[in-house]
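Have it open beside you as you read.

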Amino acid sequence: MFYTDNKLQYPVRVEKPDPLFARALQQAIGGVEGEIRVAMQYFFQACGARGNPKFRDLLMNTAAEELGHIEMLATAVAMNLEGAPLSLKEEVSNDPVGGAVLGGINLKNLLSAGLSAMPVDSDGVPFDMSHIYASGNIAADMSANVTAESTGRILATRLYNMTNDPGMKDMLSYLIARDTMHQNQWMAALEELGGATGAFPIPNSFPQEQEKQEFSYAYLGFQQDGSAPASGRWSEGQSIDGKGQFVSQPMQPLGPEPNLGPAKPNSGAQKEQL
């Protein structure tokens with residue numbers, strides 16, 4: 001169950017409405033880096049979490065927090081749209097060169113939502129849930145969550161640098177701080193799951209003796225002249241999971257040229273393919 005007290009998680013104020021910034025904020029709501037993405041990702045990870053229930057609690061609790069972030073950002077979008085023109089004629093009369101589109105207003109916020117936020121990105125494209133990662137493997141999900149919070153924090157810092165409005169900077173500084181915490185909590189969960197030497201390779205339940213172990217820690221180079229690829233921490237020394245030694249080697253083809261044979265009759269192929 002979810003509950004609400006009808007209050008914002010953190011204050012949202014706008015001193016000078018900015019319709020263009022409202023459009024930018026939509027990316028933080030419905031973009032692939034946005035709050036809908038992480039709220040739904042953590043929610044579905046929680047719904048499918050098996051094993052120790054504390055991980056489900058961690059995920060569901062954070063999903064609830066992210067729903068509050070959506071509410072904050074939606075409020076910020078609506079407040080930034082205050083004073084935006086309700087007709088193109090009104091805008092053109094004020095600025096013959098501009099118009100609402102050239103002025104940066106996303107017409108979807110006007111035409112479909114009456115100057116309110118929507119579950120779309122900054123171009124008005126609806127979020128379609130294609131970036132929700134919930135694998136059923138708690139370590140894989142935590143790894144995906146670190147990436148989600150990292151890209152979300154990148155977006156929030158870019159938005160912070162786009163505005164001079166003190167209220168918006170204050171709200172974004174809060175969201176940036178929460179992204180910092182969430183990155184750390186997911187990494188802490190990975191550490192509790194065993195860290196690099198315990199959780200990896202994911203899934204750690206698959207016996208490594210059943211994989212082609214000569215390739216498990218080989219950094220393969222695909223340079224046409226057969227030279228070795230550029231070296232780094234990933235190409236020599238002990239592997240990060242502590243279970244092997246990195247080696248670097250040029251890759252040679254191990255299979256023959258593919259030949260699928262003739263096409264089947266009545267398959268719609270050309271007669272030359274039969």
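1. Let's start inside. This is a predicted model, and the cavity search turns up 1 cavity of 30 Å³ or more. The largest cavity has a volume of about 120 Å³. Helix 2 (35-47), helix 3, helix 6 (138-162) and helix 7 are the elements that each give two or more residues to its lining.

2. Who sits around that space? The largest cavity has 16 lining residues, and Ala 28, Glu 33, Glu 35, Gly 152 and Asp 179 are the ones nearest its centre. Helix 6 supplies the largest share of the lining, 6 residues. By type, the lining of the largest cavity splits into 9 nonpolar, 2 polar and 5 charged residues.

3. Now the open side of things. The largest pocket comes out at about 310 Å³. It has 14 lining residues, with Phe 2, Tyr 3, Ala 64, Glu 65 and Leu 67 closest to the centre. The lining of the largest pocket holds 6 nonpolar, 3 polar and 5 charged residues.

4. Have a look at Asn 80, which belongs to helix 3 (residues 53-80). Is Asn 80 buried or exposed? Its relative accessible area is 1%, and the cut-off for buried is under 20%, so Asn 80 counts as buried. A polar atom of the Asn 80 side chain lies 3.1 Å from the backbone nitrogen of Asp 18.

5. Helix 7 (residues 166-192) is worth a quick length check. With 27 residues at 1.5 Å a residue, helix 7 should span 39 Å, and its end C-alpha atoms are 39 Å apart, so the two agree. After helix 7 comes Gly 194, with a positive phi near 125°.

6. On to the strands. Strand 1 (residues 218-221) runs parallel to strand 3 (residues 245-250), and 4 bridges join them. Which residue of strand 3 is the bridge partner of Gly 221? That is Pro 250.

7. Strand 3 also pairs with strand 2 (residues 237-238), this time in the antiparallel sense, over 2 bridges. Gln 238 is opposite Gln 245 of strand 3. Strand 2 and strand 3 make a hairpin with 6 residues between them, and Gly 242 in the turn has a positive phi of about 75°.

Conventions: Residues numbered from 1 in each chain as written. Predicted model: local features only at pLDDT ≥ 70, side-chain atom pairs only at ≥ 80, totals over all residues. Heavy atoms only, no water. Expected span 1.5 Å × (residues − 1). Pairing = 2+ DSSP bridges. 1 Å grid on protein atoms, 1.4 Å probe; cavity = no way out; pocket = protein on both sides within 12 Å on 5 of 7 lines; lining within 4 Å. Points joined across faces, edges and corners; volume = space filled by probe spheres on them. Nonpolar A, V, L, I, M, F, W, Y, C, P; charged D, E, K, R; others polar. Buried < 20%, exposed > 50% of the residue type's maximum accessible area, 1.4 Å probe, protein only. Polar contact = N/O pair within 3.5 Å; in protein donor to acceptor, adjacent residues only side chain to side chain.
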